[in-house]
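Work through the exercises below with the structure at hand. Each task is followed by a solution in steps.

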Amino acid sequence: MRAARYHEYGGLETLVIEEVPEPRPGPAEIRVRASAAGVNPVDWKVRSGAARDFLPVELPAIPGRDAVGVVDEIGAEVRGVRIGDRVFGLGGVTGATAELVVLSAWAPAPDAWSDEEAAGAGLAAATALAGLEVFGPLKGRTLLVEGAAGGVGSAAVAIAVAQGATVIGTAGEHNHAFLRSLGTVATTYGAGLADRVAALAPDGVDFVLDTAASGSLADLVAIVGDPTRVSTVADHARGPLLGTHVANARNDSALLAAAGELGRQGGYTPRIEASYPLDRIAEAHAHSERGHVRGKIVVTI
């Protein structure tokens with residue numbers, strides 16, 4: 001099968017497209033013939049070697065963690081999915097940017113989602129839902145999302161709005177129209193955020209979700225007044241020191257199923273900033289490395 005791969009840690013020049021052995025699913029896994037895969041910051045952080053101390057990988061490695069495709073092989077212990085089903089899901093830290101991908105968590109892909117949209121949903125939605133679940137029901141509550149225009153942030157905004165929350169999202173001014181299209185109240189991040197939030201939510205903010213790791217976590221705690229009402233999916237260093245919730249994406253089919261159900265109801269559609277063919281994987285990684293992505297970047301297989 002064809003796949004993107006790198007044989008050593010390093011820059012974009014390490015990425016090659018080549019024929020590699022086909023993976024086989026374990027007893028609790030499935031394999032899909034992938035049509036698209038997501039590109040996430042963790043992909044290039046792992047590829048560069050920046051994350052090797054806590055996310056070591058066996059080289060050569062195939063970048064990518066989430067994908068969409070049609071099931072073509074099922075592990076012996078798997079139930080509830082059939083050959084030919086179209087699913088989106090998560091595999092390991094690596095392995096998704098290939099013609100055949102092994103998934104350990106998955107859910108049916110909504111018919112309304114394109115392959116690109118479904119490919120962009122897995123890691124973003126699972127991360128957003130993991131960050132939000134600590135707050136319980138959001139209906140009637142006010143949520144502040146720091147870094148609302150990115151892949152995880154935009155997923156969190158859409159999910160929270162669908163659950164009945166009033167959402168204030170921070171982003172650069174060039175992304176404010178995008179945030180408003182998601183149903184959020186947009187404001188800028190940085191100095192003076194507390195005053196801007198107070199003007200937008202005179203009765204206060206109930207919860208804060210940080211998806212940005214911009215160094216603002218202490219300010220976000222001050223805005224809400226209680227670290228237990230703040231969840232971060234991005235600042236794993238300051239979160240424990242400040243007493244906030246720290247959440248990570250889990251390979252949890254229930255989280256993916258919840259995102260898929262919102263998609264079927266029309267409450268969540270992953271937003272895609274750019275799509276690249278497999279042969280241009282290096283361009284996709286370069287785009288992600290530049291930061292300030294609006295929604296998700298994906299690679300079509």
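**Pockets and a helix pair**

In this predicted model, the lining of the second largest pocket divides by class into 12 nonpolar, six polar and four charged residues.

**Exercise 1.** Describe the second largest pocket by its volume and its lining.

Step 1. The volume of the second largest pocket is about 310 Å³.
Step 2. Its lining is made up of 22 residues, and Met1, Pro23, Ile62, Thr94 and Gly95 are the closest to the pocket centre.
Step 3. Strand S6 (residues 100-103) gives the largest share of this lining, four residues.

**Exercise 2.** Do the like for the largest pocket, and find which elements contribute to its lining.

Step 1. The largest pocket has a volume of about 1,500 Å³.
Step 2. It is lined by 49 residues; Pro41, Lys45, Val152, Thr211 and Ala234 lie nearest its centre.
Step 3. Two or more lining residues come from each of helix H1 (41-48), H3, H4, helix H10 (281-290) and strand S15 (296-300).
Step 4. H1 supplies the largest share, four residues.
Step 5. Sorted by class, the lining of the largest pocket has 24 nonpolar, 20 polar and five charged residues.

**Exercise 3.** How are H3 and H4 placed relative to each other, and which residues meet?

Step 1. The axes of H3 (residues 122-132) and H4 (residues 151-162) come within 8 Å and cross at roughly 60 degrees.
Step 2. The two helices are therefore oblique to each other.
Step 3. The crossing of H3 past H4 is right-handed.
Step 4. From H3, Ala124, Ala125, Thr127, Ala128, Leu129 and Leu132 meet Gly151, Val152, Ala155, Ala156 and Ile159 of H4.
Step 5. This contact has nine nonpolar residues, two polar ones and no charged ones.

Technical notes. Residues numbered from 1 in each chain as written. Predicted model: local features only at pLDDT ≥ 70, side-chain atom pairs only at ≥ 80, totals over all residues. Heavy atoms only, no water. Axes fitted to C-alpha atoms, helices over the stretch in contact; angles between N-to-C directions. Parallel < 35°, antiparallel > 145°, perpendicular 65-115°, else oblique. Left-handed = near helix turned anticlockwise from the far one by under 90°. Contact = heavy atoms within 4.5 Å. Nonpolar A, V, L, I, M, F, W, Y, C, P; charged D, E, K, R; others polar. 1 Å grid on protein atoms, 1.4 Å probe; cavity = no way out; pocket = protein on both sides within 12 Å on 5 of 7 lines; lining within 4 Å. Points joined across faces, edges and corners; volume = space filled by probe spheres on them.
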